[in-house]
Structure formats: structure tokens, C-alpha cells
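This report describes one protein model for a reader who has not seen it before. Please look at the sequence and the structure, then read on.

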Amino acid sequence: MGASVLFVRQADVGPFASAFWRVALALPVLAAWTALAEGRSAFRVDRASSLAGTFFAGDLFFWHLAILGTSVANATALATTSPVWVTAFAVLVLRQRVSHSGWAGLLLCLLGAAALVGQSWHFDPGHLPGDAAGLATAVFFAGYFLAIGRARRVRGAAAVSLVSTAVTAAILLAVALALEPTLWPASAAGMASLLALALVSQVGGQGLLAVGLAAVPPAFGALVFFLEVVSAAALGALLLGEPLSPLQMLGGALIVAGLVVARPRRPKPATQSPPPRDPAASIAPGSPLTQRDPGRH
């Protein structure tokens with residue numbers, strides 16, 4: 001998911017058009033995955049997956065508004081607060097317990113994210129609408145995250161990804177038609193960037209997210225979202241010539257450390273006392289006690 005910034009920068013369409021193509025071009029691949037993995041019966045719409053698609057459309061919509069209305073650093077910093085909202089919902093609404101290591105991991109991840117983008121953060125009253133859009137992005141992504149987790153309780157990852165992406169595409173098509181002068185990329189390179197955005201960020205990133213949410217609790221799964229910030233910074237340094245400062249490197253290390261600290265532990269198997277020892281098992285074969293006396297029978 002962190003690679004999406006690279007492809008959006010290379011696309012020669014507007015932000016809402018690129019958001020639409022991201023999900024629209026992913027649909028054929030997701031449909032093939034669903035058919036192969038779960039069969040045609042999986043092509044049905046369900047409420048949780050549809051809700052996830054609606055939330056994700058809101059996430060992409062407000063994310064692009066944030067990029068247009070404030071600095072990239074401010075938008076990124078506010079968007080990375082989504083794990084806080086997920087954790088708050090899990091604790092206050094779902095009544096899930098977060099361990100001390102989970103809270104410690106969240107704190108380390110927040111400190112790491114602040115170190116990664118904090119030095120570029122600045123407050124400007126003129127950017128308040130854009131900052132509010134960045135915060136709305138985090139809330140919508142948290143809703144998407146929780147809806148995907150709920151849908152995965154009863155459906156496979158492929159079906160959930162397909163239905164949610166189809167709903168997102170329908171909503172973003174209406175948005176792009178209303179707000180963009182054109183939907184079509186102007187060059188083959190721009191189209192290639194949009195295709196990469198769909199395959200890498202949507203099919204790969206969102207698809208693997210749906211797979212993983214069946215195996216980990218929501219509070220920890222949300223923390224993994226911080227890795228998107230780390231990967232985006234690393235890819236920017238490697239491919240866009242945007243070097244990382246020592247403070248940013250420290251921030252990335254703090255996020256990784258936070259995930260290690262907060263990772264779910266498997267419960268230890270209950271220790272069982274050894275079975276009572278059979279006295280006869282210690283008697284050597286052929287000893288007098290094991291030889292029958294024919295006279296007694």
C-alpha cells in the first residue's frame with residue numbers, strides 16, 4: 001500500500017480519477033481470484049463488505065482532499081492516526097482488552113510516525129480544511145478496517161476484496177465524473193502507472209490486508225498500517241531521491257519495534273502432569289514376575 005504514492009505521482013490524471021482507476025482496474029483480477037478461490041457462489045453482495053467499500057471510498061476521497069488542501073506531511077501525519085481510532089473502537093465499543101504490550105506498541109508506533117513526518121509538520125490556519133480532511137481520512141480508514149475484519153468472519157478474503165472494491169469503484173466513478181475534467185490518462189506511461197497502482201496497491205495491498213485480518217486481532221492489525229508510512233518513506237528514498245534524515249530512520253525503527261512489542265502471543269499450552277507410572281512397565285521381560293506358573297491355571 002505504501003507504493004501508491006509513487007504511482008499516483010506518475011499518473012497524468014487528476015487525484016479523483018486516479019483513485020477511481022486504482023479500484024476499477026483491480027476488479028478483473030479480483031474477480032478471477034474470487035472465481036478460482038471460492039467459486040461463482042462468492043459473487044454475492046453482503047452488508048459488511050459493502051460498508052467496507054463505502055468507507056474506503058470516503059478514505060480515498062478525503063485523502064485526496066487533504067493532499068490538495070494541506071501539506072503532504074500534515075495529511076500523512078493525520079492519516080496515520082487511524083490505528084488510534086481502531087483501538088478506541090475496539091476498546092470502547094467491542095469491549096476488547098488491549099494488553100500492556102499492545103498499548104506500549106501503539107505508543108512506540110505513534111512516536112515513530114511523529115519522527116517520520118513530524119519535522120515537516122507545520123500549523124497554518126489557512127490549511128485547517130485540509131487538515132480536517134486528513135483527520136477524516138483516518139476515521140474512514142478505521143471504519144474500512146473494522147468492516148473488513150467483520151466481513152472476514154463469514155466470507156473469504158477474495159470475495160470480501162471484490163465486493164468492497166466494486167462498491168468503492170461505483171462511488172468514485174460518480175465523484176470523478178463530477179469533479180474531474182477528464183477520466184482518461186493522456187499517455188501510455190500514465191496508463192501503466194494506473195495499472196501498477198491497481199495491481200500493487202489495491203490487489204496486493206488491500207487483498208493481503210483482507211487475508212491478514214482473519215488471523216490477527218483488530219487492535220494489532222491496525223498497528224501494521226504504520227508500516228505503510230515506513231515503506232512510503234523508504235521507497236521515496238530509493239526511487240525518488242528523497243533521502244531520509246537520521247530522525248526519520250529512528251522513526252522507522254521505532255515503528256518496527258512497536259510492532260514487535262505489540263505482536264500477539266500464542267497462549268502457552270497447559271502443562272499436564274505425567275500419567276501415573278505403570279509398575280509393570282519397569283519389570284524386565286523374562287523376569288520371574290513375568291513368567292507364568294502353569295500350575296496355577
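## Ser193 and its contacts

Apart from neighbours within four places in sequence, Ser193 is in contact with Phe7, Gln10 and Ala11, where contact means heavy atoms within 4.5 Å. Ser193 is part of helix α10. Its relative accessibility of 11% makes Ser193 buried; buried means under 20% relative accessible area, exposed over 50%, and partly exposed in between, with a 1.4 Å probe and protein chains only. Between Ser193 and Val8 there are 7.2 Å in space, C-alpha to C-alpha, and 185 residues in sequence.

The model is predicted: local features need pLDDT of at least 70, side-chain atom pairs count only at pLDDT 80 or more, and totals for chains, interfaces and linings use all residues. Residues are numbered from 1 along each chain as its sequence is written, and side-chain values use heavy atoms, with hydrogens and water left out.

## Overall make-up

The protein has 13 helices and zero strands. Helices (H or I, at least four residues) and strands (E, at least two) are DSSP runs, numbered from the N terminus. Of the 297 residues in the protein, 44% are buried. Among contacts with a separation of 6 or more, 89% are between residues 24 or more positions apart.

## Helix α2 against α10

Two packed helices are described by the angle between their axes and the distance between the axes. For helix α2 (residues 15-24) and helix α10 (residues 188-212), the axes come within 7 Å and cross at roughly 60°. This makes α2 oblique to α10. Axes are lines fitted to C-alpha atoms, for helices over the stretch in contact, and angles run from 0 to 180 degrees between N-to-C directions. Angles under 35 degrees count as roughly parallel, over 145 as roughly antiparallel, 65 to 115 as roughly perpendicular and the rest as oblique.

On the α2 side the contact is made by Ser18, Trp21, Arg22 and Val23, and on the α10 side by Leu194, Leu197, Ala198, Ser201, Gln202 and Gln206. These residues divide into five nonpolar, four polar and one charged. Ala, Val, Leu, Ile, Met, Phe, Trp, Tyr, Cys and Pro count as nonpolar, Asp, Glu, Lys and Arg as charged, and the others, Gly among them, as polar.

## Helix α2 against α9

The axes of α2 and α9 come within 8 Å and cross at roughly 155°, and the two helices are therefore roughly antiparallel. From α2, Phe16, Ala17, Ala19, Phe20, Val23 and Ala24 meet Thr165, Thr168, Ala169, Leu172, Leu173, Val175, Ala176 and Leu179 of α9. This contact has 12 nonpolar, two polar and no charged residues.

Thr165 lies in helix α9 (residues 157-179). With a relative accessible area of 3%, Thr165 is buried. Beyond neighbours within four places in sequence, Thr165 is in contact with Val23, Leu27, Leu30 and Gln202.

## Aromatic residues

How many aromatic pairs does a search of the whole structure find? The search finds nine. The ring centres of Phe141 and Phe145 are 6.5 Å apart and the planes are at 40°, so this pair is tilted. Rings of Phe, Tyr and Trp (its six-membered ring) pair if their centres lie within 6.5 Å; planes under 30 degrees apart count as stacked, over 60 as edge-to-face and the rest as tilted.

Phe141 and Phe145 are four residues apart in helix α8 (residues 128-151), so about one helical turn separates them. Both Phe141 and Phe145 are buried. One aromatic cluster is formed by Phe16, Phe55, Phe61, Phe62 and Phe140.
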